[in-house]
Amino acid sequence: MQQVDASAAALDAEIRACQTCGLCTTRTNAVPGDGPINAAVMAVGEAPGQTEDATGHPFVGAAGNLLNSLLEGIGLSRSAIFITNIVKCRPPGNRDPLDGEVAACAPYLDQQIDLVKPEIILLLGRHALHRLIPDAPTISKAHGTVLTRGERTYIPLYHPAAALYNGSLLTTLREDMNTVHQVLRERGAAQGSGNSGNGNTLSRQLSLSWTAEEQP
Ligand code: URA
């Protein structure tokens with residue numbers, strides 16, 4: 001575990017100093033990601049916004065508040081999951097990240113996934129979906145479904161920022177969180193021996209945050 005911690009800290013520092021694409025000239029802070037390096041659940045968003053750029057932490061603005069409440073709604077503490085983005089620096093004016101920017105950051109996200117070894121990855125929005133599952137259908141078809149690739153399970157969800165200003169997307173996002181809850185419960189019940197060898201257990205994480213009646 002010490003080796004993993006050291007690798008994670010080195011990767012964090014590398015991301016914070018990165019000058020691989022033009023976003024380094026407009027960012028205030030790069031935003032590597034937050035959370036336990038042995039988390040069984042990872043959430044991947046698009047790119048930092050203004051508050052994230054100012055603080056160096058992901059999902060700390062309005063979209064982050066919604067994400068926190070969605071997670072709490074299924075008994076999952078934000079602090080139990082690893083949260084990051086496909087692009088680590090804010091695109092000016094919150095525009096969509098360019099293909100070259102996504103490609104420049106790709107090795108960072110790939111290394112984070114290799115280090116954390118999450119069992120379940122929540123894909124927040126179409127950019128995260130198509131970065132990690134290029135052959136997936138559109139987010140409007142894929143949201144709320146459970147996709148398995150290799151040893152990982154992916155659950156695409158609408159991006160919380162999109163749901164902030166669209167009531168019907170918010171309703172759908174809340175419904176899709178029930179699927180996340182269901183998968184966590186099933187995995188919690190079936191698990192007991194760690195998240196792909198990284199030393200923590202999904203069942204242990206869930207039992208920390210679920211009420212007694214809810215425990216699988
Ligand atoms: N939107 C994202 O995709 N990521 C953040 O960190 C904040 C808002």
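**Reading a helix, a core and a ligand shell**

Trainee: In helix α4, I see that Glu101, Ala104, Cys105, Tyr108, Leu109, Gln112 and Val116 are buried. What do the buried residues of α4 pack against?

Mentor: Please keep in mind that this is a predicted model. An α-helix has 3.6 residues a turn, so residues three or four places apart point the same way. In the present case, the buried residues of α4 pack against α1 (2-16), β1 (41-45) and β2 (82-85).

Trainee: How many residues does α4 have, and where does α4 bend?

Mentor: Helix α4 covers residues 99-116, which is 18 residues. From first C-alpha to last, α4 reaches 25 Å, close to the 26 Å expected at 1.5 Å a residue. A bend of about 40° occurs at cysteine 105, and proline 107 follows within four residues.

Trainee: Which residues have the most contacts inside the largest nonpolar core?

Mentor: In soluble globular proteins, nonpolar side chains tend to be buried together. Here the largest nonpolar core holds 50 residues, and Met42, Val44, Ile81, Ile121, Leu122 and Leu123 have the most contacts inside it. Beyond its neighbours within four places in sequence, methionine 42 is in contact with Ile81, Phe82, Val116, Pro118 and Ile121.

Trainee: Is isoleucine 120 buried or exposed?

Mentor: A residue counts as buried if 20 or more other C-beta atoms lie within 10 Å of its own. Isoleucine 120 is buried because 21 other C-beta atoms lie within 10 Å. This residue belongs to strand β3 (residues 120-124). Setting aside residues up to four places away in sequence, isoleucine 120 touches Ala40, Val41, Thr153, Ile155, Val183 and Arg187. The C-alpha atoms of isoleucine 120 and methionine 42 are separated by 6.4 Å, although the two residues are 78 residues apart along the chain.

Trainee: What phi does phenylalanine 59 have, and what phi does asparagine 94 have?

Mentor: Most residues other than glycine have a negative phi. Phenylalanine 59 has a positive phi of about 50°, and the phi of asparagine 94 is near 60°. Phenylalanine 59 lies in the loop between α2 (50-55) and α3 (62-73), whereas asparagine 94 lies in the loop between β2 and α4. Phenylalanine 59 counts as buried because it has 27 C-beta neighbours inside 10 Å; asparagine 94, with 13 such neighbours, counts as partly exposed. Just after α4, lysine 117 takes a positive phi of about 50°.

Trainee: Which residues surround the ligand?

Mentor: Phenylalanine 59 is one of them, and the others include Gly45, Glu46, Pro48, Glu52, Asn85 and Ala161. The shell divides into 6 nonpolar, 4 polar and 2 charged residues.

Conventions. Residues numbered from 1 in each chain as written. Predicted model: local features only at pLDDT ≥ 70, side-chain atom pairs only at ≥ 80, totals over all residues. Core = buried A, V, L, I, M, F, W, Y, C linked by C-beta atoms within 7 Å. Buried ≥ 20, exposed ≤ 12 C-beta atoms within 10 Å, placed from the backbone. Contact = placed C-beta atoms within 7 Å. Near = placed C-beta within 6 Å. Nonpolar A, V, L, I, M, F, W, Y, C, P; charged D, E, K, R; others polar. Helix = DSSP H or I, 4+ residues; strand = E, 2+ residues; numbered from the N terminus. Expected span 1.5 Å × (residues − 1). Bend = angle between axes of the 7 residues up to and from the residue.
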